[in-house]
Amino acid sequence: MGSTEPRPTNTRRTPGRLLFLFAFHAALSGAFIVAYLTGDEDTYAMHQFAGYTALAALAVRLLAGVLMPVGPLRLPRPSVTATLDWLRRVASGKARAWGQRSPLLAWMALALLAVVGAAALSGAVADFVVPLEKLHEALGEFSLPVVLAHVALVVALLGLKKVAGWRARSNTRHEVIAP
């Protein structure tokens with residue numbers, strides 16, 4: 001054990017890690033939807049609660065990303081090189097690339113963490129520094145298109161994987177055995 005190399009870590013998607021990611025997505029998306037829809041004066045307490053819930057979910061996710069630097073819980077690390085390579089392979093019609101995990105997801109995750117995190121954090125600060133309310137409102141409005149772009153990207157990538165599966169199945173040879 002005289003090596004300075006880190007020990008290999010478990011990078012598998014275990015049920016506990018997947019449950020954490022599902023719970024995080026549920027908490028954050030639910031809190032975001034409620035906060036977005038309750039931003040007026042009549043439902044301000046609900047808006048505040050949802051905003052702090054989103055902020056707490058983001059804090060827990062960031063903490064998990066720091067404590068688990070490898071595997072599905074790590075923080076996104078987008079790569080321009082990997083993204084351009086994947087886009088080139090997809091554009092050239094290589095079905096294998098269609099079925100692989102897209103590096104675009106890391107970029108989108110980073111954008112979501114930044115924009116939704118800024119909206120939630122500015123809302124918490126605006127509770128004490130009233131002039132920041134306009135900034136918070138602007139960030140909240142800006143975050144909706146980013147969230148919708150995330151949903152569209154995930155749906156598009158799932159469709160791409162489905163097409164890749166169809167192409168793979170159509171390329172296999174089917175033999176018919178006569179009765």
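**Leu58 and its surroundings**

Mentor: Start with Leu58. Setting aside neighbours within four places in sequence, Leu58 is in contact with Phe24, Leu28, Leu113, Val116, Gly117 and Ala120. Keep in mind that this is a predicted model.

Trainee: Where does Leu58 sit?

Mentor: Leu58 is in helix 2.

Trainee: Is Leu58 buried or exposed?

Mentor: Leu58 counts as buried, because its relative accessibility is 4% and the cut-off for buried is under 20%.

Trainee: How far apart are the C-alpha atoms of Leu58 and Gly117?

Mentor: They are separated by 6.8 Å. Along the chain, the two residues are 59 residues apart.

Trainee: Let's zoom out. How many helices and strands does the protein chain have?

Mentor: It has six helices and zero strands. From the N terminus on, the order is α-α-α-α-α-α.

Trainee: What share of the residues count as buried?

Mentor: Of the 179 residues in the protein chain, 28% do.

Trainee: And the contacts? What part comes from residues 24 or more positions apart?

Mentor: Take the contacts with a separation of 6 or more. Residues 24 or more positions apart account for 64% of those.

Trainee: Tell me about the core. Which residues touch the most other members of the largest nonpolar core?

Mentor: Leu28 and Val116 do, in a core of 23 residues. The elements giving two or more residues to this core are helix 1 (15-37), helix 2 (44-67), helix 3 (80-91), helix 4 (95-99), helix 5 (104-126) and helix 6 (133-170).

Trainee: What is Val116 in contact with, beyond its neighbours within four places in sequence?

Mentor: Val116 is in contact with Leu28, Phe32, Leu58, Ser143 and Val147.

Trainee: Why would nonpolar side chains be together like that?

Mentor: In soluble globular proteins, nonpolar side chains tend to be buried together.

Trainee: Back to helix 2. What span should it have at 1.5 Å a residue?

Mentor: Its 24 residues should span 34 Å. The end C-alpha atoms are 34 Å apart, so the two values agree.

Trainee: Which residues of helix 2 are buried?

Mentor: His47, Ala50, Gly51, Ala54, Ala57, Leu58, Arg61, Ala64 and Gly65.

Trainee: And helix 1? How far does it reach?

Mentor: Helix 1 has 23 residues and reaches 32 Å from first C-alpha to last. That is close to the 33 Å expected at 1.5 Å a residue. Its buried residues are Arg17, Leu21, Phe24, Leu28, Ala31, Phe32 and Ala35.

Trainee: At what angle do helix 1 and helix 2 cross?

Mentor: Their axes cross at roughly 150° and come within 8 Å. Helix 1 and helix 2 are therefore roughly antiparallel to each other. The crossing is left-handed. Residues making the contact include Phe24, Leu28 and Ala31 of helix 1 and Ala50, Ala54 and Leu58 of helix 2.

Trainee: What about helix 2 with helix 5? How do those axes cross?

Mentor: They cross at roughly 130° and come within 9 Å. That makes helix 2 oblique to helix 5. This crossing is left-handed. Gly51, Tyr52, Leu55 and Leu58 of helix 2 make the contact, with Leu113, Val116, Gly117, Ala120, Leu121 and Ala124 of helix 5.

Trainee: New topic. Where does Gly39 lie?

Mentor: Gly39 lies in the loop between helix 1 and helix 2. Gly39 counts as partly exposed, because its relative accessibility is 48%.

Trainee: How far is Gly39 from Glu137, C-alpha to C-alpha?

Mentor: The C-alpha atoms are separated by 8.5 Å. The residues are 98 residues apart along the chain.

Conventions:
Residues numbered from 1 in each chain as written. Predicted model: local features only at pLDDT ≥ 70, side-chain atom pairs only at ≥ 80, totals over all residues. Heavy atoms only, no water. Core = buried A, V, L, I, M, F, W, Y, C linked by side-chain atoms within 4.5 Å. Buried < 20%, exposed > 50% of the residue type's maximum accessible area, 1.4 Å probe, protein only. Helix = DSSP H or I, 4+ residues; strand = E, 2+ residues; numbered from the N terminus. Contact = heavy atoms within 4.5 Å. Expected span 1.5 Å × (residues − 1). Axes fitted to C-alpha atoms, helices over the stretch in contact; angles between N-to-C directions. Parallel < 35°, antiparallel > 145°, perpendicular 65-115°, else oblique. Left-handed = near helix turned anticlockwise from the far one by under 90°.
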